[in-house]
Amino acid sequence: MLPPRVCTLLLVASVLSAQQAHPDGTALFERHCVLCHSGDGQGTNRGPSVLGFIAANSSDQIAELIRSGRPDKGMPALDLEDSDIRRLMEHLETLAPEAAVVDEESVATFQTADGGSTQGAVLNESGFDAQVRTTDGRVRMLRKSGSSYREAVREPRVDWPTYHGTYSGNRHSELDQIHRGNVHSLAAEWFFPVPGQRMIEGTPVVIDGVMYVTGVNQVFALDAQTGRRIWQYSQPRTDGLIGDAAIGLNRGVDVRGDLLFTVTDHAHAIALDRWTGELVWDVEMADYRDHYGAIAAPLVVGDLVYFGISGGDTGLRGFLDAYHFETGELAWRFWTIPAPGEPGSETWGDPEILEKGCGATWLTGSYDPELNILYWPTGNPCPDLNGDRRPGDNLYTNSVLALEPETGNLLWHFQFTPHDTHDWDAQEPLLLVDEEFRGQPRKLLIQANRNGFLYVLDRVTGEFLLGEPFIEQTWAERIDENGRPVVLPGSDPTEEGSAVCPAIRGATNWWASSYSGDTKLFYMMVHESCMLYKKHDRPWKRGQSWLGGTFRLADGSPNQRHIRALDIQTGETVWNYAQTGDSTTYSGVLSTAGGLVFFGEDSGAFAALDAETGDPLWHFQANQDWKASAMTYMVGGKQYVAIASGLGFWAFSLPDAEASQAAP
């Protein structure tokens, strides 16, 4: 008996033109697949229905999987001749009409506890609940109570409406139902699996009781209280990608009105109907064959939605796009590398490098509504580790850009690492905080940078206020009064190798950070590590990365993750929590008014620390490799904390009795 995955993948492969089924194809299907999935592909007790997956896979991709197999998933290679595969697909084409109705909504009437009824299209149903789309186009969450249903209570509620929760980029929540005194009772509420993902880096968005989560080229709408699926959108993965887009990453969505926005692996910006998941518009930002990809959650401000691109180690010219949210029409584009002759182009040198100098925009920016300024971080220059052909500062790489959101005009910029030769880009969160700084009220921009320094800027003007190291770093003597690093001799990569701290992944990275106005502390995940950096002078080549060198862990180097709390007035560490593990977690932090700091621990646990002391207060050992940061929301008066692991999305909450006692 063949494993179910064999039948699953064979059925999914149907994307050919309609033809009469060849008897040999029918026989092949019956021989290899019927036992698992029945003659119509609808599934048996040995395997599920697979017809709904047809839209998410191309025939070429599936044919290759059939030939090579996936032993790690229990699928051996299926030894068939090309002619047999063709005949099998001809038979699968006869099943394709069935695929169109697999997810077709059925209409039902649900009796409600008040003696009335709710009628609508059933999106999902169990013995305990139902998710129903009514004639007004909205989704109703029903809970079964005896023989009738009641609508789930959504109020009071606190949404998490964008990637960082707020425009400020600060992952600090004012929710305090879960706090120091009761966090020990926190428990897993539900789990939603997203199979077939190499890693999940996304943060859920929650609006009015509906949660939106993503995998690569996939979006799911879920009931935020139960994790039950409402709808799913998917499209096939793209062949021929390189860099982070080839890994298969997507960090999330943003929403404006009835539209939901996200990106695809091959650098398309798309809009979906947030109630149905139907595609509304699709715009190609750039040709993926020129190394462009996209992974960042977009950001909506007013009538424009902003999208960044990825591929910042492959040789491309970075940009940030703004589109009209209703139509997908391009409003403006800001190139992160000036064209020849434009201001800033003189900081590059070689014209070829200027054309392919990278400066990607692969992390979501921040926005100040009062100042009406959009802030966006930029990536490293290319080639990453060899700066010989790009003398100068290489603007606007490794910078924060302060832009006029309606036009994309540059108001000011600050470059954290001029002429970077260690891949220390500035793709770390930009926290907008209104706080007294050294006795004076200020509008601050705070970033813990990949180069190992904590920066505090005036976000109105870009004035440099503070730059202090938060790790053991060996590349700069200090940051001078103008915010420029005083670089130590011998720190650039050499052909023989130069040992420098921090590591290429940075003293920190894109994972979330937060600032609490209660404790006056800045929280972040830190990576203490050093690497041996080597450079070489290989030319750019299509289809390959363009690092300009190589790297490895330096002899005797530490390699450990920490959670640290910093004083933004001085940059000093107030407390430190040393993690255990192999230094693979990419989980940042979420702080709350309940006096807690949540994070994915390097050991595989999801955990909470005391925000004032750093003492561990709670953990749930999920044995997961965390690549995403946590968020929190409230629905029906109950606070939830959610985070993605490699398997899917988890939500945690207090038992109902304790949540009721702590409810506002």
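Which residue in S33 does Val500 stand opposite? In this predicted model, in which residues are numbered from 1 along each chain as its sequence is written, local features need a pLDDT of at least 70, side-chain atom pairs count only at pLDDT 80 or more, and totals for chains, interfaces and linings use all residues. Side-chain values use heavy atoms, with hydrogens and water left out.

Val500 faces Met531 of S33. Strand S30 and strand S33 (residues 531-535) run antiparallel and are joined by 3 bridges, strands being DSSP runs (E, at least two residues) numbered from the N terminus and pairing if DSSP finds at least two bridges between them. Both belong to an open, antiparallel sheet of 3 strands in the order S30-S33-S34, in which S30 (498-500) and S34 (549-553) are the edge strands, each pairing on one side only. From one strand to the next the twist averages 30°, with axes fitted to C-alpha atoms and angles running from 0 to 180 degrees between N-to-C directions.

The pLDDT (the predictor's confidence in each residue, from 0 to 100) averages 91 over the protein, and 91% of the residues score at least 70. Over residues 1-21, however, the pLDDT is below 50, although this stretch has 68 contacts beyond near neighbours in sequence, a contact meaning heavy atoms within 4.5 Å. Residues 97-103 likewise stay under 50 in pLDDT, and the model has 10 contacts for them beyond four places in sequence. Where pLDDT is low, the predicted coordinates should not be read in detail.

Definitions and conventions: Helix = DSSP H or I, 4+ residues; strand = E, 2+ residues; numbered from the N terminus.
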